[in-house]
Amino acid sequence: MIMKIEDNRVTLPKSLSVKYAGKIVEETDTHLTLEGEDEDSFLKIYSPFRGVAKLLLFDNDQWVDAENSSAI
């Protein structure tokens, strides 16, 4: 699994280098499921080559790409 987004939840492999704010709803040895709660919820995915590769923000009850404000 790469990453899965359903409603206000994001599930991602723990092998990714990330920083996040939000409610953890499930955590296993292999993956993490994060629920967006408010405008302070975010998910930063880091690239080993150039810092932050992708930034997702939780806005208007959905995850959006911070670069272009489009829904994910």
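Student: Where does Thr 33 sit?
Tutor: Thr 33 is in strand β5; strands are DSSP runs of E, at least two residues long, numbered from the N terminus. This is a predicted model, in which local features need pLDDT of at least 70 and side-chain atom pairs count only at pLDDT 80 or more, while totals for chains, interfaces and linings use all residues. Residues are numbered from 1 along each chain as its sequence is written, and side-chain values use heavy atoms, with hydrogens and water left out.

Student: Is Thr 33 buried or exposed?
Tutor: Buried, at a relative accessible area of 7%. The cut-offs are under 20% for buried, over 50% for exposed and partly exposed in between, with a 1.4 Å probe and protein chains only.

Student: Which side chain does Thr 33 have a polar contact with?
Tutor: The side chain of Thr 11, at 3.0 Å. A polar contact is a pair of N or O atoms within 3.5 Å; within protein, one must be able to donate a hydrogen and the other to accept it, and residues adjacent in sequence count only if both atoms are side-chain atoms.

Student: What else is Thr 33 in contact with?
Tutor: Leaving aside neighbours within four places in sequence, the partners of Thr 33 are Arg 9, Val 10, Thr 11, Lys 23, Ile 24, Val 25 and Glu 26. Contact here means heavy atoms within 4.5 Å.

Student: How do β4 and β5 pair?
Tutor: In the antiparallel sense, over four bridges, with β5 covering residues 31–35. Two strands count as paired if DSSP finds at least two bridges between them. β4 and β5 form a hairpin with three residues between them, and Ile 24 stands opposite Leu 34 in β5.

Student: What is the strand order in the sheet with β5?
Tutor: β1-β2-β5-β4, an open sheet of four strands with antiparallel pairing. β1 (4–6) and β4 (23–27) are the edge strands, each pairing on one side only. The twist from one strand to the next averages 20 degrees; axes are lines fitted to C-alpha atoms, for helices over the stretch in contact, and angles run from 0 to 180 degrees between N-to-C directions.

Student: And the order of the sheet with β8?
Tutor: β3-β6-β7-β8, again an open sheet of four strands with antiparallel pairing. Its edge strands are β3 (17–21) and β8 (62–65), each pairing on one side only. Direction ignored, neighbouring strands of this sheet are turned by 20 degrees against each other on average.

Student: How many bridges between β3 and β6?
Tutor: Five, in the antiparallel sense, with β6 at residues 42–47. Tyr 20 stands opposite Leu 43 in β6.

Student: Change of topic. Which residues make up the largest nonpolar core?
Tutor: Eight residues: Val 10, Leu 12, Leu 34, Leu 43, Ile 45, Leu 56, Phe 58 and Trp 63. Two or more come from each of β2 (9–13), β6 and β7 (51–59). A nonpolar core is a set of buried Ala, Val, Leu, Ile, Met, Phe, Trp, Tyr and Cys residues joined through side-chain atoms within 4.5 Å.

Student: What does Val 10 touch, apart from its neighbours in sequence?
Tutor: With neighbours within four places in sequence set aside, Val 10 is in contact with Met 3, Lys 4, Ile 5, Leu 32, Thr 33, Leu 34, Leu 43 and Trp 63.

Student: Where is Trp 63?
Tutor: In strand β8, where Trp 63 is buried, with a relative accessible area of 1%. A polar atom of the Trp 63 side chain lies 3.1 Å from the backbone oxygen of Asn 8. Trp 63 and Asp 7 are 56 residues apart in sequence and 8.2 Å apart in space, C-alpha to C-alpha.

Student: How many salt bridges?
Tutor: Five, taking a salt bridge as a side-chain nitrogen of Lys or Arg within 4 Å of a carboxyl oxygen of Asp or Glu.

Student: What does Glu 27 pair with?
Tutor: Lys 14, at 2.8 Å, N to O. This pair links distant parts of the chain, Glu 27 in strand β4 and Lys 14 in the loop between β2 and β3, 13 residues apart. Glu 27 is partly exposed at 46%, and Lys 14 is partly exposed at 38%.

Student: And which residue does Asp 65 bridge to?
Tutor: Lys 54, with the closest N and O atoms 2.8 Å apart. Asp 65 in strand β8 and Lys 54 in strand β7 are 11 residues apart. Asp 65 is buried at 8% relative accessibility, whereas Lys 54 is partly exposed at 29%. Salt bridges with shared partners join Lys 54, Asp 65 and Glu 67 into one network.
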